[in-house]
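Notebook open, viewer loaded. I am jotting down what I look up as I go.

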Amino acid sequence: METEIVKETLVLPKAMIEVATSAADWLVILPVVLALLASALLLMLRSTTRGQAVFAILVVMAIIVIEVQLLLKILELGPQSMTMGKWLPPFGISFSVDVIGASFALAGAIVTLVVLLYVQADIAKREVKYGFYSLVLLMLAGVSGAFMTGDLFNLYVWFEVMLISSFGLIIMGGRKLQLDGAIKYGFLNFLATSFFLAALGFIYGLMGTLNMADIAIVAADAPAGPLAAIGALLLLAFGMKAAAFPVNAWLPASYHTPHPAVSALFGGLLTKVGVYALLRTLVVLMPSAREFLDPLITILAVATLILAPLGALSQINLRRAIGFFLIGGVGAVLAGLAMPSMRGLAGASIYVFHSMLTIAALYLVAGLIERMSGTDDTRKMGGIYNASSMMSILFLVLIFAIAGLPPFLGFWPKLLLIEAGLGQADSVLVVALVLNSFLTVIAGTRLWSHIFWRNGREGKNSEQLNDRLKPLSKKDKWFGIAPTSILVVLIVWFGLFPNSVIDASRTAAADLLYPERYIQSTGLALDVEEDDLEVSQ
Amino acid sequence: MNTIIFRTIAPFLVAIMVVFSVFVLLRGHNEPGGGFIGGLIAASAIAIYGIAAGVSEVRKALKIDPLAIAGFGLFIAGLAGLLSLGAEAPFLTGLWTYFEIGNAKVALSSVLIFDIGVYLVVLGTISAIALALEENEEGE
Amino acid sequence: MEFALAALVGLFFATAIYLLLSKAVIRMLLGIAILGNAVNLLIFTAGRLTREIPPIVPQGQKQLIEPFANPLPQALILTAIVIGFALFTFLLVLGYRAYQELDADDTDTMRIAEPENAPRPPLSY
């Protein structure tokens, strides 16, 4: 504005991007922007309930199309970046997306789409007016933003966006049970993000930057002691978010309280972001801190893997039991984090992808079961096999997928992880992974036989039919079983033809282990090389 | 709290605060100020009016649901970022245009639209929270 | 100066953790509020301290004149305060609602979602 006023010439270092940004580069940011704008629009028009559902579903479909394109582009050309406001990184906030970011975001959008279809069966007008669709889209924006951002402080902001929207969703309906769950969920998650923020303060104090690619460069020369302390703090914060042992108590206390569709959304999206952040920070940004913490991560992984299915065994509440399966999956990813080889990381990334789809589907089936039997107590559910054989198949497939039995998607990541463990002669983790599968099969099939195989309720003769079952209405079948089947078909399809997934996961693991391509995509490493050239000349 | 002095003065106070909040919003362009602080001032004006005149009175005066205002603010802030799509620049790049009214040179920018969005978001959310809390107290 | 602030951060953290360990929801809320301040102060201190020189570009200048305080931690804290404030108000309202509906300020008595002595699933089919 005042260019005429200042006469003296200033010598400023280059701070702005001078290359034009093509419309194709916007693929990186569009999923988040679209979700955010749609959420704002729906919040604005909360009182008009008609058309909200259709609009939200269309937006999520558009986001899925964009994310598929983005993923294909990344697989072909390597990680993609965009730095906001034309500032050069690390000054501007970057969005940097590599294979794991894009594929997790895609899985998140698919889960959101399925959940949006699923709620059509029983959503009340009151809940639409409350802002259900707006909150779901806000959560999708937060999750996609967290998977795609290339800046740690921005990651914190997306965490909070997720947290705010999840607060809104968990108390939707306002039953006493939900308030109870929300208190525990709210306090512990807020505590976790506070710890993350404290770690950010230390990172900034130590390295003077918060851009992820820049940290990956600077951390290589940073002193080991403080780095290890920061790593430990991040492990605590993200471990809490991911519900890893021993900071997992909030998850089984809260995830079964809201509407089943909300449970599915939480189970599919939220803990995965914590796991992703662990992979991103400890493997890519601070590998030396991860090495220092390796024994601890191994212990946590083993404990989570074994204790979670034991927790599931002792539950009579169906959705609480599923919550424990979810925690077991976090243990598997931690096992990958403890074995940062190509195989281990590839296994961990496929596991996250698989777990997002499977856990969400499992919660959705659980919602249908609860709707039919009118209770959340597995002892009173018996006899559903007679009423809906389709549901019994879905449930069994999902249980086997969670446990990691072939031919479902869950088998491949477990196989890769066990291969990685055998390669490193890491026998404890291998035993824990196999034991986890074993216990999960026991817990899951027991649930199945109580809910589906038994003819009647617990305490009655097995021949006596359960007379309290309500058959599903046509609407329930169309909007309940059909969307869930989409997820199950995906799980079976990728289980039978895993080549594309495994190839993608190899690229993902390579980018995690050797982040040069990731750093270069932001334009940072190139600058360093130029400086080096000048110095050597 | 609800004395006659307060009730008489409140409308004037609210008017002054809202005008001041807009001033702070526009000043934030090159000097301390901006949408966030402006929005806070406006929201506190609404909270004061709520204490003095009652929540239902405020809702009538606002005409629009506060959260809808926040949604609108978020929407135009996002749109301001999208404008740079046309200018071959990354998301949220500030775009400027100048034109003259009489002798004064007026600068308009996408940054200003973004800041107005922030103002509305803050105004909407904070007053929604404040009104909800005040309603709670009145209910007892 | 750094030392004093670092000690203060430690004190804040200690107070916050002490309050968070309490059974009463209202104390936990206070703990959360103090924890937020502790973290913000930590970021501020970690960003190095410069006294009494605000990072504002003077009239007629194009850039800041050295020395000036580091503006980045201040921006980070501002963002964190706003977010923390929003979440804190939510938790406050939630705690209040829980107090009204569950008639409990004591987390030990909040066992609706996780019933105490819940029966175990049957061992047979």
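**Entry 1: a threonine inside a helix**

I started with A:Thr358, which lies in helix H14 of chain A. Helices here are DSSP runs of H or I with at least four residues, strands are E runs of at least two, and both are numbered from the N terminus. A:Thr358 counts as buried because its relative accessibility is 0%. Buried means under 20% relative accessible area, exposed means over 50%, and partly exposed is in between (1.4 Å probe, protein chains only). Which residues does A:Thr358 touch, not counting those up to four places away in sequence? I found A:Leu398, A:Ala401, A:Ile402 and A:Ile491. Contact means heavy atoms within 4.5 Å.

Ground rules, before I forget: this is a predicted model, so I note that local features need pLDDT of at least 70 and side-chain atom pairs count only at pLDDT 80 or more, while totals for chains, interfaces and linings use all residues. Residues are numbered from 1 along each chain as its sequence is written, chains are lettered from A and ligands numbered from 1 in the order in which they are written, and side-chain values use heavy atoms, with hydrogens and water left out.

**Entry 2: a valine in H3**

Next I clicked on A:Val115, found in helix H3 (residues 99-118) of chain A. A:Val115 has 1% relative accessibility and therefore counts as buried. Leaving aside neighbours within four places in sequence, I see A:Val115 in contact with A:Ala261, A:Ala264, A:Leu265 and A:Leu364. I also checked A:Phe479: the C-alpha atoms of A:Val115 and A:Phe479 are 9.6 Å apart, although 364 residues separate the two in sequence.

**Entry 3: a strand pair**

I moved to strand E1 (residues 80-83) of chain A, where both faces are covered. A:Gln80 and A:Met82 sit on one side, A:Ser81 and A:Thr83 on the other, and all are buried. How does E1(A) pair with strand E2 (residues 94-97) of chain A, parallel or antiparallel? The sense is antiparallel, over 4 bridges; pairing takes at least two DSSP bridges between the strands. I looked up one partner: A:Gln80 bridges to A:Val97 in E2(A).

Side chains of opposite charge can pair when their charged atoms come close. My cut-off for a salt bridge is a side-chain nitrogen of Lys or Arg within 4 Å of a carboxyl oxygen of Asp or Glu. Over all chains the structure holds 15 of them.

I went to A:Asp98 and A:Arg280, whose side chains meet at 2.8 Å, N to O. That pair links distant parts of the chain: A:Asp98 is in the loop between E2 and H3 of chain A, A:Arg280 is in helix H11 (residues 260-285) of chain A, and they are 182 residues apart. A:Asp98 counts as buried at 1% relative accessibility, and A:Arg280 counts as buried at 1% too.

Then I looked at A:Arg371 and A:Asp476, a salt bridge at 2.6 Å, N to O. A:Arg371 lies in helix H14 (residues 342-373) of chain A and A:Asp476 in helix H19 of chain A, so the pair ties together parts 105 residues apart in sequence. A:Arg371 is buried at 18% relative accessible area, and A:Asp476 is buried at 10%.

**Entry 4: where chain C meets chain A**

I counted the contact: 48 residues of chain C and 46 residues of chain A. The two chains bury about 4400 Å² between them, 75% of it on carbon and sulfur atoms. Buried area is the accessible area (1.4 Å probe) that two parts lose on being put together, summed over both.

How many salt bridges cross the interface of chain C and chain A? The rule finds 2. A:Lys184 pairs with C:Glu114, closest N and O atoms 3.5 Å apart, and C:Glu114 also meets A:Arg320 (3.5 Å, N to O). C:Glu114 lies in the segment after helix H3 (71-102) of chain C and A:Arg320 in helix H13 (residues 318-338) of chain A, so this pair joins two chains. C:Glu114 is buried at 18% relative accessible area, as is A:Arg320 at 10%. I noted the network as well: salt bridges link A:Asp180, A:Lys184, A:Arg320 and C:Glu114.

**Entry 5: where chain B meets chain C**

Here I get 7 residues from chain B and 7 residues from chain C in contact. The buried area is about 600 Å², 74% of it on carbon and sulfur atoms. I looked for salt bridges across this interface and the rule finds 0.
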